[in-house]
Amino acid sequence: MAIGRIVKVAGPLVVAEGLTDAKMYDVVRVGKERLVGEVIVLDGDLASIQVYEETGGLGPGDPVEGTGEPLSVELGPGLIGSIYDGIQRPLEAIQQRWGAYIRRGVEAAALSRTTKWRFTPTAKKGDAVSEGDIIGAVQETTLVVHKIMVPPGISGTLEEIRAGEFTVEETIAIVRGAQGKRHELKLRQRWPVRKARPYREKLPSEELLTTGQRIVDTLFPIAKGGTACVPGPFGSGKTVIQHQLAKWADADIIVFVGCGERGNEMTDVLMEFPELEDPKTGEPLMKRTVLIANTSNMPVAAREASVYTGITIAEYFRDMGYSVALMADSTSRWAEAMREISGRLEEMPGEEGYPAYLGSRIADFYARAGRVVCLGKPERQASLSAIGAVSPPGGDLSEPVTQNTLRLVKVFWGLDDKLAYRRHFPAINWLMSYSLYSEDLAPYFEQRVGPEWNELRREFMKLLQIEAELEEIVRLVGVEALSPSDRLKLEVARSIREDYLMQSAFDDVDTYTSLKKQFKMMQLIKAFYEMGQRALEQGIDIHQIIELPVRERIAKAKFIPESEFDARWQEILNEITQSFEQVMAKAGGAYAERVH
Amino acid sequence: MQREYTSIAEIAGPIMIVEGVSGAKYDELVEIELAGGEIRRGRVLEVDRDKAVIQLFEAAQGLNLRQSRVRFLGKVMELGVSEDLLGRVFDGAGRPIDGGPPIIPEKKLPISGEPLNPYSRDYPNEFIQTGISGIDGLNTLVLGQKLPIFSGAGLPHNQIAAQIARQAKVLGEAEEFSVVFGAMGITFEEANFFITDLRKTGALERAVMFINLADDPVIERITTPRLVLTCAEYLAFERDMHVLVILTDMTNYAEALREVSAARKEVPGRRGYPGYMYTDLSTIYERAGRIKGKKGSITQMPILTMPQDDKTHPIPDLTGYITEGQLFLSRELHRKGIYPPFDVLPCLSRLKDKGIGPGKTREDHAGVLNQLYAAYARGVDVREMAAILGEAALSKIDRVYMRFADEFERRFIQQGEYEDRTIMETLTIGWELLSMLPRGELKRVRDEFIEKYLPKSVRE
C-alpha cells in the first residue's frame, strides 16, 4: 500500500496526497499514532479523510497509510453485553488498559481474542453449504444462542467441521468452493458497515413489537420490522422512551446506539440493564443487549459511523433468525456530524447547512430495517425494527432531519413539551402522533388479545379527539355550560389520559404493562363510561357520577401487579357496577317518592 | 525544537494567518511576541501545507505583520495545577489578579481534557441538599450532575447560584463543596458580588475563581471555562474533593465562539452560530460527573441568559440537549416578588429519580413531587381560564386548584436568600399544600404514603 503525506488538517478533516491506490470509503491510518480515518472524497491526487479521533498534533508531512479495506465491524460471539464506541472499539477493554479517559490512538480488538466459546456443529462433513446457512451454534449468554453462519459470498462443500472450544480466530470449518477454493470459517466474520447485509426477501409486517408501554401498544403500535421516530424538544423524554423500549420491547436482541448524547445516560444503561429482568425469561436484560456509545464529547466523525456500526450488528443478529430492535438516540446528532464534515469539505450546503444528501442517507439507514426471509438454510424469518430519536432545534418539527425522517418511517411518536411540563409521561401527544401499522396489526390484536381490542382502541381515540374539541368550548364558556353527556365524555377522556396513557417509567409495577392487562384496564374505563351514559339517561346528576369513589380504584389499577391483576380487576369491575346500581337505586327511590 | 516565524500574512479579528511555516501541527499552542516583548498566545486552527491559521486567545491589539514573531511550541495549552490554586483569583487566561504570588505547579494538564470513557463513569445518584425547596423538592440536584440555570437579563440567577454555593451539602458528609467559579464577560459588580459573598461566608478558601470581565478580551472567553474545568478535574479526581463548578454567562461564551467562526468565514448554522456549537458546548458540559473508584465529583451549574427570554434560541436549546435538565427563571414570578422565581413547569432535573427515595431523601418524595407538579400545572391552567371567563365560571374543584397554585408559589417556591431548608422541611410543606386538595385527587401518591404523611387534621 502506498504511503501518503498529510497536506492539510482542519478539525476532524485531513487532506493527504500520494494515496495512489486509495478507494472511496477505504480505511486509512493517519499520522504516527495511526489514527483511524476513512476516505470520503477523492480529487486528483488528493484524498479527503475524516478521522475518527482527535487530530491535535497532526501536521503537513505526517504519513497516511491505506489499508485497502472499507470500515468494517467484527461479528461473532462476544458482542452481546459489550459496549463499543462508534467504530466498534470495546470501551471496557480500553478502560482496563488505558484508564478512565479515552486517549488517542488506542486500539483493542472488538471481540476478545482469548475467550473460548463452545461451538456445537449442526452441519456435518460433506454437506453442501451456501451463504447464510447455519452450520452450528455457540451459547453466547443464557438468553442468546449465537448461530454461526456461512458468511455471504461463500458456498461449496463442507470439507471439515470441528466441535469443541474455540477462540473467534480459530478455524471451525473448511468449505471447498466451486473452483476448488478453500475457505476457512471462523466464529467471527467481518462486514463493511456502510453496506446492508443481504437477505433473501422482504416481507410485510404483521406482528406486533410489544413494548409494554400503554400509549405505544394501544394507540400507536410498531410492528416487528417496522420503523419509528421519536422527535421532541429537550426535556420531553425522548431518552426515557428509548430506554423503556430497549428494556421492555419483546425483541430477542436489542442494539442501543447512543449517538452524540450524554455520557451519564450510557452509564445509566450500563448500570441498570444488568439489574433489570427480562419479563419473559427473568434473565438480566444485558444478556440480550449490545451498546454503541459515542457521546457528544467524543470525536465527531466516529459519531457519523456509530449509526452504521449499530445497524450492521443488528443485521447480523437478524440474519440468525432473530427479531432485533435497534434504538438510535439521537439521529439528529448523526445528521449534525454529517453537516460538520460536509462543512469542512466546503460542499455546497442544502437546507440549514445540512448536506444535500441528508435525505438519501437517512433513507438508506431506515431501509435497512424490515421483516425478511434470511439467506440460507434452514429457512427462517426475522425482523429488524429501527427506532430513531430526533432532536429538532427549538422543538421545531419543520427542520430537515425531522422532515426527511417522517417521509420514511411509519410510526411517529410526537413528543410534546407541554405534556412533559405537567409531568404527563410518556409525553407522546395523542393528537399529533400516528402509526401506519394499526390496521395491519388489527388481526394480530384480535387473535392474540381479544376481538374487542380494536374497537376499544378506536373508541379511546375518538374520545380523546372529542375532548380536544370540547376543551376549546370550555375555554370560551366554562365547563358548567356543557351538556351532562359532554361532561361525562370529558371526564372519561381525562381518565384515559391520566389513568391509562400516563405511565411511570420509574414505578416497579407501572413501568411495564402486558397486553392482557392493557386490555383489561381499557375495559374498566369503558365499563365506567357505558354505565355513566346509562345513568345519565336515567336522569342521574352528572356530579354524582363524577364523584363516585370507585374512580380512584380505576385510576390506581395500573399499580396492581400482573400476578394479582385478574382477581383485583374483577373486584373493581363489580364495584363499578355496584356503585352505579346504588346511585340509580337511590335516585330511583327519590323519583318514585316524587311521583307518589 | 522551537520554530520562530515573522511571516504573518494576515490578522483579522481573532484570526491570524502565518505563511511559510513548516512542521506546524493542528491544535498546537502558539506564542506571539510583540515588538515590545509582550507575549500573546493562540492555537493552530488549521494547517494547509505551509500556511497556518491561528486563533488568538488574547486581544489582537498591538499586533503587526512585520515586527511580531510567532513561535510554535509543539504542545497544547496547559494549566499548572496544585492545591495552592484554592483561595486564589485569576483572570480569564489564568493569570493571578489577586495580588498573590504565581502558582508553583505540581503538574501541568492540557486544558482541553480528554473524553471520559462512558464505561468508566459512575452514575450520579447521590442527593445534594441545596436548601432550596424548588430544587431539592422538585428538581433534585445530584452529585456529578450538570444542571444549568436558564435565566434572562435582570433576573436573580447570581443570587441563586451564590445561595447554592453557600448551602450545598451531601447529607452525612462533613466536608463542604469546593467551588470553582468561571466568569465570562460579566460585569465587575457581578464578579464582585460572588467574591464578596464567598469571602463573607468563608467559602473563598475552598474556591478558585477565573474571571473574564465584560471589558476583558472577548476571545479569552473561549479558554476560561476550559481552565475552570481542568482545575475542577484536578481537585475532584486527584484531590478527592466534591467540586461545584459555576460558569456564568455561557451566552457570552457562545458569542465568542460565533466571533471566531465568523472570522474564519465558516458556513453559519442557526442565527449565525457555528454548526459545531453543539459538539463544542458538549466538550464543556460533559466534563461533569463521577468516575468509578474515585471519591471526588464535579457538579456543574452553568448559567446562561436567554436572549429575549427565548428558550428556542440556539444557546439554551443546544445546552438543554446536553445538560441533565434545566432550571428556568420566570420574569413573571420575579415581578410578583417571589424569590427564587423558578418557572416551575419547564424546570427539570433528569437525574432526580436516582437521587431521591428511601435511604436518600424519603420514600414518599417521588409521589409528592409528581403530585405537586400535576396539581400546580392544573392550577396554572385554571388561573389562565379564570382570567378569560372570570372566577365565577370555575367549578368548585377548579377553584381549589387555583388557590393551590397561589399557595404553592407563596409557601413552597418562595423562600429567603439565606433560608436553608432541610429536605424534610421541604417535604412537610409539600404535604401541607397537598392537604388543600380532596383526597381523591391525590392519584400520584401511593395510599400507604397518604396514610403516613398527610397531615392528620385533614384526613378525618
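The structure is a predicted model. Helix α6 of chain A covers residues 331-344, and strand β1 of chain A covers residues 3-10. Strand β1(A) pairs within chain A with β2(A) and β6(A), and across to chain B with β5(B).

**Helix α6 of chain A**

- The 14 residues of α6(A) should span 20 Å at 1.5 Å a residue, and the C-alpha atoms at its ends are 20 Å apart, so the two values agree.
- Because 13 of its 14 residues are buried, α6(A) is largely enclosed by the rest of the structure.
- The N-terminal end of α6(A) is capped by A:S330, which has a side-chain oxygen 3.1 Å from the backbone nitrogen of A:S332.
- After α6(A) comes A:E346, with a positive phi near 55°.

**Strand β1 and its partners in chain A**

- Strand β1(A) is mostly covered, with six of its eight residues buried.
- Five bridges connect β1(A) with β2(A), residues 13-17, in an antiparallel arrangement; A:I6 has A:A16 as its bridge partner in β2(A).
- Two residues lie between the strands in the hairpin of β1(A) and β2(A), where A:G11 has a positive phi near 60°.
- Strand β6(A), residues 63-70, runs antiparallel to β1(A) and is joined to it by three bridges; in β6(A), A:V64 stands opposite A:G4.

**Pairing with chain B**

- Strand β5 of chain B, residues 39-48, is also antiparallel to β1(A), with three bridges between them.
- The bridge partner of A:A10 in β5(B) is B:E46.

Methods: Residues are numbered from 1 along each chain as its sequence is written. Chains are lettered from A and ligands numbered from 1 in the order in which they are written. This is a predicted model: local features need pLDDT of at least 70, side-chain atom pairs count only at pLDDT 80 or more; totals for chains, interfaces and linings use all residues. Side-chain values use heavy atoms; hydrogens and water are left out. Helices (H or I, at least four residues) and strands (E, at least two) are DSSP runs, numbered from the N terminus. The expected span of a helix is 1.5 Å times one less than its number of residues. Buried means under 20% relative accessible area, exposed over 50%, partly exposed in between (1.4 Å probe, protein chains only). A polar contact is a pair of N or O atoms within 3.5 Å; within protein, one must be able to donate a hydrogen and the other to accept it, and residues adjacent in sequence count only if both atoms are side-chain atoms. Two strands pair if DSSP finds at least two bridges between them.
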